[in-house]
Amino acid sequence: MTAITQIRRNDQPIYLDYQATTPLDPRVLEAMMPYFTYKFGNPGSRSHSYGWEAEEGVEKARGQVAKLIGADEKEVIFTSGATESNNLAIKGVAEFYKDRRNHIVTTVTEHKCVLDTCRHLEQEGFTVTYLPVQQNGLIDLDRLREVVTDKTVVVSIMAVNNEIGVIQPLAEIGKICREKGAFFHTDAAQAAGKIPLDVEAMNIDLMSISGHKIYGPKGIGALYVRRRPRVRLVPMIYGGGQERGFRSGTLPTPLCVGLGEAAEIAMKEMDAEATRLTKLRDRMLKGLQAKLPEIYLNGDLERRIPGNLNISFAHVEGESLMMGIKNLSVSSGSACTSASLEPSYVLRALGVEEELAHTSLRIGLGRFTTEHEVETAVDELVRHVIKLRQMSPLWEMAQEGIDIKSIEWAAH
Amino acid sequence: MPAYPDQVYLDHNATSPLRPEAFDAMVEALRTGGNPSAVHGVGRRARGLIDKARRQVAARVGALPAEVIFTSGGTEANNMALAGSGRRRVLISSIEHESVQRAVPDADIVPVDGEGVLDLAALERKLAASDEPALVSVMFANNETGVLQPMADVARIARKAGALVHCDAVQAAGKVAVDLHGIGIDYLSLAAHKFGGPTGVGALIVRADAPFVSNRFGGGQETNRRAGTENLSGVVGFGAAAEAARGLDPTLRDRGEAALLAIAPQARVFGAGASRLPNTTYISMPGVPAETQVMALDLAGVCVSAGSACSSGKVHRSAVLAAMGIEDAEAGSAIRISFGWNSQSGDIDRLIVAWRDLYIRVGQSDIANARAA
Amino acid sequence: MAYSEKLIDHYENPRNIGSLDKNSEDVGTGLVGAPACGDVMKLQIKVGADGLIEDAKFKTFGCGSAIASSSLVTEWVKGKTIDEAGTIKNTDIAKHLALPPVKIHCSVLAEDAIKAAIADYRAKTAKVDDPAKSTGKDESQAAAE
């Protein structure tokens, strides 16, 4: 690690929501700066040096992203983010190959943009299999083998889940897809830069990447599209034919450069950062477990990125806990359009009961999380969980030995 | 800002450098960060920044904040409008940007006249040819000629025929006044980087009661009309640029144009007889290929372009000039000179000198050869 | 979604947390909501010989707005007759705490809780007046219905 350890202003809460978004690494901002100022050209302008310079920046970034995932730079196209990449990958291949194959396989714990895209394709006449997950959040490979057929056009399974951080067995999934001749798309928004990814070794045909989840800027992402054997897509955005025709629109040079730089830093520091974060995470988990009974970790601990914890604090409603720990920025599920505070469908898919799902927090640690922050967070969490449990009628009942399931609750 | 004092940038229609107001706002947003959808304080502050930008952009084009959908740029906005209106019958002008043309390959094409202005009678005729409700897509100003289209008439004619109106205002916004409700436009596309905002961000403005269906699925951002985590710094820069952009003055352009025509009497400014953007000159130096001119001007430190800047390295014949009925030979010698918010009088002097030098130099060879042939 | 100062005050310094003896004849208990829905409120009132509510306690499993709503209600009912307490409307609670629209259901739950507590108290006193034996029905169940 370099000298950057603290980028938070003192009046800001401790940021523990690294799966929602990550702060921009100052080194990334530095790399972007010239492209915001004097290297402002349109990379599509071929008639002068401003254009060439911008193009050089974009192409270097493309190479940096490709290297992170073991791809060729020609296989990387820039998009506006992982949501667009996921939409384009799934809709794009499904529509291109629809005359031959009309079946899609995905899982019930995918990001909303994958599930919504699949639902849309169902309306268009495709059949979609939503694979369940096991209690640890991982798919059952035998089940996958059973459902993938010679009619399956694409299998879309996320590399790392955004709520519980579990890592799906990508290489095994890739092997199954290759055997059946189905394309393998993976939403790697939460995985890229955090775990080693290799599109060759894992037989990945399409991969979505997000800039702002890896300490790069928002508004930029990438889609890896395999060239050999060639994967073809129907584009979603038509126009000037940029990005091999898959994605038209003037490329935002500073954002591309930022994504490239972020990818390079992530690759260089992946091992050291994983070791550091694992230590911090274990410290946080053990610290909480030592002081609080009846807390439950959701999702597999071993096959999980180091920067994620998702914990149910039984008998304490998650939102009230979030309101209490004012000095900590965490999330009670995934940050999308957060007005909906329904219990997470991901946790429900693991078999977590609704009353427990309501007590869950996602705690995301990352590049700028310090030991001191972890200690402070543990103290705050413990203090507020204890306080709220004293206020909780459910905790009281549990202490009195009343099984809350024996009570006939009014549904509302 | 210019780190290359020896360069004069006159290609603002391709992209414009960032305005300092946008730059400052963006750097602040990049430093503070946050996911605008997260409920904690960091997220709420990010949401506040997005809301402010939404008001700034809406105000610039006479729209309501709730009508603004932020996109990744003008191309996406055009695609969204054309796919989202629900109208299958689409009429477009013959000079639309590729992002409109390619999004609706089966569209009915409405011609333009020799000055590059839409043929309104043809539009009226074509609309009357069928009862099927239509969408009319006409750009506010052309990216190559800068010719302004008669949007108020387009809207009036479309309205009478029960058609919806989409307007690609990517080149016009921030340079001339654009008023969505005043004109009666249903869908309006904007791109920040054409008037001093950042690349990678734009907007589709959808009039409150116009139909719209999104084709992009996900987290429900932009009130379910455009999924994906918001490009926070981009949106903030867009807002700041929209507030700062107060339109351009044609004085520089007019002086430059007069000087170029005085140097090369056989040169021609396309669309000169029509109302144009105050910043664009599309001019031919007959007998000298556009590529030659562009390269020579670049060597002299003046950045211009031959047509529009998109993906292609290849310089192809301008479809816009072809639609205006300009012969290939003349079209092949056309270059686009476009000023911007930070252009200065001295930039024009440099252009005039470079153009004159080129004219004198090739005057003895190419032009003579062309005449001899 | 910014919260009002009053709401935050009630969340941070909740009044009248705790439990009264639910088996006592002068205590009425209301238990409303459901864990699966993410809100459970237990609200208790103790009624004096003069017919006035002399104490009120609550425990709530739920969001900050639910906690604040129940805390506020315990303050409001003290010193009131049970008839007066029964007239507390969810809209008054929502207005006082400036609840955002997505949190209106918290005030509804608080109104339900006080009504349930009153009903429980009335059932108990009716039993005392009525020489016939109690049905033996658990009051928390009765309240949750």
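**Figure 1. Domain assignment of chain A in the predicted model.** The domain assignment divides chain A into two parts. Domain 1 is formed by residues 14-21 together with residues 270-402, whereas domain 2 spans residues 26-265. Taken over C-alpha atoms, the centres of domain 1 of chain A and domain 2 of chain A are separated by 29 Å.

**Figure 2. Contact between domain 1 and domain 2 of chain A.** In this view, 22 residues of domain 1 of chain A are in contact with 25 residues of domain 2 of chain A. On the domain 1 side, the elements that contribute two or more residues are strand β10 (308-313) and helix α9 (345-349) of chain A. By class, the residues on that side of domain 1 comprise six nonpolar, 11 polar and five charged.

**Figure 3. Interface of chain B with chain A.** The interface brings 60 residues of chain B into contact with 57 residues of chain A. Six helices of chain B each give two or more residues to the side that touches chain A: α1 (20-32), α2 (41-60), α3 (74-84), α4 (98-101), α9 (232-244) and α11 (290-299). The side of chain B that touches chain A has 25 nonpolar and 28 polar residues, together with seven charged residues.

**Figure 4. Fold of chain C.** Chain C contains six helices and three strands. Along the sequence, these elements follow the pattern α-β-β-β-α-α-α-α-α. Of the 145 residues of chain C, 47% count as buried. Among the contacts in chain C with a sequence separation of 6 or more, 65% are between residues 24 or more positions apart.

**Figure 5. Crossing of helices α1 and α2 of chain C.** Two packed helices are described by the angle between their axes and the distance between the axes. Helix α1 of chain C covers residues 5-12 and helix α2 of chain C covers residues 64-77. Their axes come within 8 Å and cross at roughly 85 degrees. Angles of 65 to 115 degrees count as roughly perpendicular, and α1(C) and α2(C) are therefore roughly perpendicular to each other.

**Figure 6. Residues at the contact of α1(C) with α2(C).** Helix α1(C) contributes C:Leu7, C:His10 and C:Tyr11 to this contact. These residues meet C:Gly64, C:Ser65, C:Ile67, C:Ala68, C:Ser71 and C:Leu72 in α2(C). The contact of α1(C) with α2(C) involves five nonpolar and four polar residues, and no charged residues.

Terms used. Residues numbered from 1 in each chain as written. Chains lettered and ligands numbered in written order. Predicted model: local features only at pLDDT ≥ 70, side-chain atom pairs only at ≥ 80, totals over all residues. Contact = placed C-beta atoms within 7 Å. Helix = DSSP H or I, 4+ residues; strand = E, 2+ residues; numbered from the N terminus. Nonpolar A, V, L, I, M, F, W, Y, C, P; charged D, E, K, R; others polar. Buried ≥ 20, exposed ≤ 12 C-beta atoms within 10 Å, placed from the backbone. Domains from an automatic or database assignment. Axes fitted to C-alpha atoms, helices over the stretch in contact; angles between N-to-C directions. Parallel < 35°, antiparallel > 145°, perpendicular 65-115°, else oblique.
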